[in-house]
Amino acid sequence: MNESEVTDVLRKYLQERILDTSDVEIEPETPLLEWGILNSLTTTRLVGFIREQYGIEIPMEEMVGGNFKDLRSISRLVVRLGGE
């Protein structure tokens, strides 16, 4: 699994399940927290999706804004945790 593939999967999930539309284009640098796309509820849903999709548990110490600020940061986290 590479960062680009993870970004594509997460982008599709966010557009279809969180935003409920494919009309909004989310880029790897779109500020998800700043724009309110991710909040406590949607982040929890995303973490559950990551667990189901990749079999990765995200430790509580990794649940910080810097790891969830945009798709690129989330993808890096997933790839890093998946490689451990």
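Contact here means heavy atoms within 4.5 Å. All views show a predicted model.

**View 1. Overall fold of the predicted model.** The secondary structure comprises 4 helices and 0 strands, arranged along the sequence in the pattern α-α-α-α. The radius of gyration is 12 Å, close to the 12 Å given by the globule rule for 84 residues, so the protein is as compact as a globular protein of that length. The C-alpha trace spans about 35 × 25 × 20 Å along its principal axes. Of the contacts between residues at least 6 apart in sequence, 59% join residues at least 24 apart.

**View 2. Helix 4 and its cover.** Helix 4 runs over residues 71–82. From first C-alpha to last, this helix of 12 residues reaches 16 Å, close to the 16 Å expected at 1.5 Å a residue. Its buried residues are L71, S73, I74, S75, L77, V78 and L81. An α-helix has 3.6 residues a turn, so residues three or four places apart point the same way. Cover for the buried residues of helix 4 includes helix 1 (3–18), helix 2 (40–54) and helix 3 (65–68).

**View 3. The aromatic pair Y13 and F49.** A search of the whole structure finds 1 aromatic pair. The ring centres of Y13 and F49 are 4.2 Å apart and the planes lie at 15°, so the pair is stacked. Because Y13 belongs to helix 1 and F49 to helix 2, the pair ties together parts 36 residues apart in sequence. Y13 counts as buried at 8% relative accessibility, and F49 also counts as buried, at 16%.

**View 4. Surface and interior.** Buried residues account for 40% of the 84 residues.

How values were computed: Residues numbered from 1 in each chain as written. Predicted model: local features only at pLDDT ≥ 70, side-chain atom pairs only at ≥ 80, totals over all residues. Heavy atoms only, no water. Helix = DSSP H or I, 4+ residues; strand = E, 2+ residues; numbered from the N terminus. Expected span 1.5 Å × (residues − 1). Buried < 20%, exposed > 50% of the residue type's maximum accessible area, 1.4 Å probe, protein only. Phe/Tyr/Trp six-rings, centres within 6.5 Å; stacked < 30°, edge-to-face > 60°. Rg over C-alpha atoms; globule rule 2.2 N^0.38 Å.
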